[in-house]
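User: I would like to learn how to read a few features of a protein model. Please take me through them one at a time.

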Amino acid sequence: MTEKVGRGLDHLIEQNSTELEFLSAYGSGAIESDVDANSLLDALARFLKAGKVKTEASDKQITFSFGSATMTDKGLLIQCNGDNLPLVDSDLTQVGFVEGTLSKDKTSVTVIMQNWDYEQRRFVERLVEHFN
């Protein structure tokens, strides 16, 4: 009796020249090499202001009633605290986020933001809605 060996994924991709761009929606966990944390901080400050959130700013950080955002070499470190944050772990693994942690009781979150795209705006918007 001979055992039939199936084709591997690499073979199928090569054979069909398949593009797998859609997989980026599941997050890569990779750290972007050219993150402009200053631009991210400015974008976040404008977004919070539009949401009527009072902020205090310094050169590398903004603080607000429910947290802070600090520029780092990897991106913009977001730290927020509050009761029953409207987040789940998968929110922190989206493209443009790295090193995210959500406490088990959902009272604190930390994540490094590397993009300012839909996922990041929606993340901040949910927090603003929760605290307003």
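User: How many residues does helix α2 have, and how far does it reach from its first C-alpha to its last?

Analyst: Some ground rules come before the answer. This is a predicted model, in which local features need pLDDT of at least 70 and side-chain atom pairs count only at pLDDT 80 or more, while totals for chains, interfaces and linings use all residues. Residues are numbered from 1 along each chain as its sequence is written, and side-chain values use heavy atoms, with hydrogens and water left out. Helices (H or I, at least four residues) and strands (E, at least two) are DSSP runs, numbered from the N terminus. The expected span of a helix is 1.5 Å times one less than its number of residues. Helix α2, residues 37-50, has 14 residues and reaches 20 Å, close to the 20 Å expected.

User: Which residues of α2 are buried?

Analyst: Buried means under 20% relative accessible area, exposed over 50%, and partly exposed in between (1.4 Å probe, protein chains only). In α2 the buried residues are Ala 37, Leu 40, Leu 41, Ala 43, Leu 44 and Leu 48. They lie on the same side of α2, because they cover an arc of only 165° around the axis; the arc is that of the directions from the helix axis to the C-beta atoms. The face turned away from this buried side carries the exposed residues Arg 46, Lys 49 and Ala 50.

User: What covers the buried residues of α2?

Analyst: The cover includes strands β1 (55-57), β2 (61-64), β3 (67-71), β4 (76-81) and β6 (108-113), together with helix α3 (118-131).

User: Is Ser 68 buried or exposed?

Analyst: Ser 68, which lies in strand β3, counts as buried because its relative accessibility is 9%. Contact means heavy atoms within 4.5 Å. Leaving aside neighbours within four places in sequence, Ser 68 is in contact with Gln 61, Ile 62, Thr 63, Leu 77, Ile 78 and Gln 79.

User: How many salt bridges does the structure hold?

Analyst: Side chains of opposite charge can pair when their charged atoms come close. A salt bridge is a side-chain nitrogen of Lys or Arg within 4 Å of a carboxyl oxygen of Asp or Glu. The structure holds 4. One of them joins Lys 74 and Glu 99 (2.5 Å, N to O). This pair links distant parts of the chain, 25 residues apart: Lys 74 is in the loop between β3 and β4, and Glu 99 is in strand β5 (residues 97-102).
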